[in-house]
Amino acid sequence: MEDVNYIKHLNAVFNQFSKDSRLNPTHISLYIALFQLWNLNRFLEEFFINRDEVMQLSKIGSKSTYHRCIKELNHWKYIVYFPSHNPYRGSKIKMFKFGTSTGQVVGHNNTQIETSTGQALVPIYKHIQTIKNKNSNKQENLKNSDFNDSKNDSKQYSSVPNTDNLKTTKNKNYNEPL
């Protein structure tokens with residue numbers, strides 16, 4: 001297990017990201033997904049990844065975008081990428097350590113402001129609020145309304161955005177030409 005300070009590493013990486021104009025949000029999202037997997041692997045020197053899992057974590061939908069970004073992160077020295085061409089074995093990743101120092105970190109832990117030593121439990125799933133559509137009455141009125149026969153060239157005026165611009169009727173005469 002490596003000695004990586006989670007917060008210091010992320011702060012240093014975000015500082016580096018802000019200076020690098022080559023990066024776009026997809027690169028950053030991919031790096032954060034790889035960092036999360038590195039954390040789950042207890043900051044091992046090298047670890048294996050599954051492309052589908054990384055794409056899902058980083059919200060990348062295209063394989064070509066994923067491969068382009070991971071190769072660019074490798075080229076720009078944010079990670080070391082060892083591709084595996086075997087579909088049953090994942091690619092290997094080595095993450096560089098940012099924000100680590102050899103000196104001792106001095107912390108002041110003498111404050112006792114109603115803090116607990118246990119971890120706060122937070123539910124995984126938040127309640128999803130459903131909002132009733134305010135336009136439901138308009139939609140029902142539109143469904144219930146009967147359109148006028150449009151054989152004459154009079155223009156229809158309505159406050160409903162989806163009016164019958166083609167001037168169709170319910171009573172169709174299939175003997176007439178289009």
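A salt bridge is a side-chain nitrogen of Lys or Arg within 4 Å of a carboxyl oxygen of Asp or Glu. Side chains of opposite charge can pair when their charged atoms come close. By this rule, the count here is five salt bridges. Three of them are described below.

This is a predicted model, where local features need pLDDT of at least 70, side-chain atom pairs count only at pLDDT 80 or more, and totals for chains, interfaces and linings use all residues. Residues are numbered from 1 along each chain as its sequence is written, and side-chain values use heavy atoms, with hydrogens and water left out.

**R22 and D20**
- R22 pairs with D20 in a salt bridge, and their closest N and O atoms are 2.9 Å apart.
- D20 is buried, at 11% relative accessibility (buried means under 20% relative accessible area, exposed over 50%, partly exposed in between, with a 1.4 Å probe and protein chains only).
- R22 is partly exposed, at 43%.

**R51 and D52**
- A salt bridge joins the side chains of R51 and D52, at 4.0 Å from N to O.
- R51 is partly exposed, with a relative accessible area of 29%.
- D52 is also partly exposed, at 48%.

**E72 and R68**
- E72 and R68 form a salt bridge, at 3.5 Å from N to O.
- Both sit in helix α4 (residues 63-75), four residues apart, so about one helical turn separates them.
- Helices are DSSP runs (H or I, at least four residues), numbered from the N terminus.
- E72 is partly exposed, at 23% relative accessible area.
- R68 is partly exposed, at 37%.

Definitions and conventions. Helix = DSSP H or I, 4+ residues; strand = E, 2+ residues; numbered from the N terminus.
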